[in-house]
Amino acid sequence: MLSENKIESLVDLLKDIERDYGPAALASSFSIEDMVLTDAIVRHTPGINIFTLDTGRLPAETYVLMQKTHQKYDGVVGVYSPDCGVLAEFVQAYGPNAFYDSVEQRKECCRIRKLEPLNRALNGHAAWITGLRREQSVTRTDTQHKEWDEAHGMHKFNPLLDWTEQEVWAYIRRYDVPFNKLHEKGYPSIGCAPCTRSVAEGEDIRAGRWWWENPETKECGLHVKTAG
Ligand code: SF4
């Protein structure tokens with residue numbers, strides 16, 4: 001069940017961001033949360049930019065969704081890719097699946113494929129927006145709606161922080177928003193193909209991300225701790 005108040009609060013916050021913190025941008029990974037935000041931004045706050053980080057290792061289903069999103073929302077999502085020279089050197093040195101060998105190599109892969117492109121995408125913006133929800137992870141319990149992101153020197157907004165998964169799905173259904181078909185195959189949280197697996201019923205919703213690591217290390221570095 002999704003209340004009108006919750007949608008109004010979301011739209012109000014997006015309008016505040018567009019007016020007072022622009023230029024702002026949504027970093028979309030095509031998660032259900034990011035699809036809700038994309039739809040709301042296109043409808044209500046077109047002055048907010050939207051971008052995605054194409055790591056080159058995304059599941060085929062995510063590229064299908066990327067194409068649908070491109071068609072439905074008129075190519076509104078800007079695409080940022082890794083530096084091909086740096087990536088080639090890393091793969092040459094450590095192999096294409098080095099992320100399984102150590103946390104350090106996994107983080108280096110995330111740095112090359114996500115963090116550096118993120119920095120490029122955020123360049124010139126005064127604020128960025130994410131689809132983080134508090135119930136998603138043990139690493140996200142103290143996240144705030146509005147934070148100061150020291151690493152990027154800008155505000156970071158998490159408008160769906162208090163939304164439940166059911167509310168996100170209710171929005172998707174109400175506005176016929178496209179979503180990743182992997183969600184129907186037991187994937188509540190989707191990242192790169194080799195680093196994401198399905199989860200069993202009752203398992204933590206992020207248990208399928210970097211499942212071979214401890215919960216405390218299971219972030220790609222995009223959402224480092226920031227000040228409230
Ligand atoms: S999620 Fe896996 S494949 Fe994707 S950037 Fe991180 S380590 Fe590399």
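Q: In which sense, parallel or antiparallel, do strands β1 and β2 pair, and what makes them a pair?
A: Strand β1 (residues 24-28) and strand β2 (residues 49-53) pair in the parallel sense over 4 bridges. Helices (H or I, at least four residues) and strands (E, at least two) are DSSP runs numbered from the N terminus.

The model is a predicted one, in which local features require pLDDT of at least 70 and side-chain atom pairs pLDDT 80 or more, while totals for chains, interfaces and linings use all residues. Residue numbers start from 1 along each chain as its sequence is written.

Q: Which strands are the edge strands of the sheet, and how do you know?
A: The open sheet has 6 strands in the order β3-β2-β1-β4-β6-β5, with mixed pairing. Its edge strands are β3 (77-80) and β5 (146-149), as each pairs on one side only. Neighbouring strands are turned by 30° against each other on average, direction ignored. Helix α5 (residues 103-122) packs on this sheet, touching β1, β2, β3 and β4 (127-129), and its direction makes about 160° with that of β2.

Q: Why are α2 and α6 called oblique to each other?
A: Helix α2 (residues 32-44) and helix α6 (residues 165-174) pack at about 50°, with axes 10 Å apart. Axes are lines fitted to C-alpha atoms, for helices over the stretch in contact, and angles run from 0 to 180 degrees between N-to-C directions. Under 35 degrees counts as roughly parallel, over 145 as roughly antiparallel, 65 to 115 as roughly perpendicular and the rest as oblique; the pair is therefore oblique.

Q: What makes α1 roughly perpendicular to α2?
A: The axes of helix α1 (residues 4-20) and α2 come within 10 Å and cross at roughly 65°, which means that α1 counts as roughly perpendicular to α2. L10, V11, L14 and K15 of α1 make the contact with A40, I41 and H44 of α2 (C-beta atoms, placed from the backbone, within 7 Å).

Q: How many residues surround the ligand, and what makes a residue count as near?
A: The ligand is surrounded by 13 residues, the closest being C109, C110, R113, C192 and C195. A residue is near if its C-beta atom, placed from the backbone, lies within 6 Å.

Definitions and conventions
Pairing = 2+ DSSP bridges. Contact = placed C-beta atoms within 7 Å.
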